[in-house]
Amino acid sequence: MQYMTDIQSHLKLVEQEIGDNVKLVAVSKTKPQEDLIEAYNVGQRHFGENKVQELEKKYQDLPKDIKWHMIGHLQTNKVKYIAPFISLIHSVDSLKLANEINKQAKKNNRVIDILLQVHVGKESSKFGLSKQALSELLSDEKFKLLNHINFIGLMTMATNTHDKQLINDEFEEVNSIFNTLKEENQLKYLSMGMSSDYKQALECGSNMIRVGSTIFGQRN
Ligand SMILES: *Cc1c(COP(=O)(O)O)cnc(C)c1O
């Protein structure tokens, strides 16, 4: 058997667990480029980052067939730096941001895939649309007219808690919103689940998980 590094064997374990119908985004934020290359060398192509500057640098230095995912909060004034190459933006949560992505995509002759980030937890959060805000955005003519973005799914983060039932309830709620919107909007991805909760997320209908520390080890 071929020798594998820790990163490679952790990645393979997650892959085996989730099967072929789930997209694995390897969350490589804060990790050095050598770590990404290890994952790349055993076939991983989707990587997730949450800082624009780090994303840009890694994009420049690493192989061009990597699909880059922006999973963190995105400021409108930084969209221009990732618009030329970003594969999927998971964290769209306002018309203002959608507008800017549309504008920058157009400048680059691209149509950029986006997910809308939803927040259903009781704890208030600065990020993510409530169910109500999501439905308002989707019925807004200004949003519908943005033809350089392609709305293909939803993303959510569960409340950071050990309460499995609470996490489950949140995932179930987002899954039900996803199912309601899926047909009409031709949605493809429900991005939910990270290292601590991806197994639960998959039971609740997720088909895209964002896993960092389980693959690359704890971040400092
Ligand atoms: C960091 C991060 C992850 C991955 O977290 P792990 O616990 O390391 O798997 C997933 N999603 C988002 C939005 C993140 O910021």
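**Close-up views of a predicted model**

Q104 counts as buried, at 6% relative accessibility. All views below are drawn from a predicted model.

View 1. Helix 5 spans residues 95-107 and contains Q104. Because buried means under 20% relative accessible area, the 6% computed for Q104 places this residue in the buried class. Leaving aside neighbours within four places in sequence, Q104 is in contact with V79, K80 and A83.

**View 2. The largest nonpolar core.** This core has 60 residues. Those with the most contacts inside the core are I89, I101, I114, L116, F143 and L154. Helix 8 gives the most to this core, with six residues. In soluble globular proteins, nonpolar side chains tend to be buried together.

View 3. Not counting residues up to four places away in sequence, L154 touches L115, L116, V118, L134, V174, I177, F178, L181, Y189, L190 and S191.

**View 4. The largest pocket.** The space in this pocket comes to about 900 Å³. Its lining consists of 34 residues, of which M157, A158, N160, M194 and R210 are the closest to the pocket centre. Two or more lining residues come from each of strand 5 (112-118), strand 6 (149-156) and helix 8 (164-185). By residue class, the lining divides into 18 polar, nine nonpolar and seven charged residues.

**View 5. The second largest pocket.** The volume here is about 330 Å³. The lining is made up of L138, S139, F143, K144, L146, I149, N150, F151, L181, E184, N185 and Q186. Helix 6 (131-139), helix 7, strand 6 and helix 8 each give two or more residues to this lining. Six of the lining residues are nonpolar, four are polar and two are charged. F143 is listed in this lining and also among the residues with the most contacts inside the largest nonpolar core.

**View 6. The salt bridge between K57 and D61.** The closest N and O atoms of K57 and D61 are 2.8 Å apart, and the pair forms a salt bridge. Both residues lie in helix 3 (residues 52-61), four residues apart, about one turn of the helix. K57 counts as partly exposed, at 46% relative accessibility, and D61 also counts as partly exposed, at 37%.

View 7. The side chains of K142 and D140 meet in a salt bridge with an N to O distance of 3.9 Å. This pair counts because the cut-off is a nitrogen within 4 Å of a carboxyl oxygen. K142 is exposed, with a relative accessible area of 52%, whereas D140 is partly exposed, with 22%. E141 and K144 form a salt bridge of 3.4 Å, N to O. These two residues are three places apart in helix 7 (residues 141-144), so about one helical turn separates E141 from K144. Elsewhere, salt bridges that share partners join E49, E54 and K58 into one network. The count for the model is nine salt bridges.

Notes
Residues are numbered from 1 along each chain as its sequence is written. This is a predicted model: local features need pLDDT of at least 70, side-chain atom pairs count only at pLDDT 80 or more; totals for chains, interfaces and linings use all residues. Side-chain values use heavy atoms; hydrogens and water are left out. Buried means under 20% relative accessible area, exposed over 50%, partly exposed in between (1.4 Å probe, protein chains only). On a 1 Å grid over the protein atoms alone, a cavity is a set of points where a 1.4 Å probe fits but cannot get out, and a pocket is an open set with protein on both sides within 12 Å along at least five of seven lines; lining residues have an atom within 4 Å of a point. Grid points are joined across faces, edges and corners, and a volume is the space filled by probe spheres set on the points. Ala, Val, Leu, Ile, Met, Phe, Trp, Tyr, Cys and Pro count as nonpolar, Asp, Glu, Lys and Arg as charged, and the others, Gly among them, as polar. A nonpolar core is a set of buried Ala, Val, Leu, Ile, Met, Phe, Trp, Tyr and Cys residues joined through side-chain atoms within 4.5 Å. Contact means heavy atoms within 4.5 Å.
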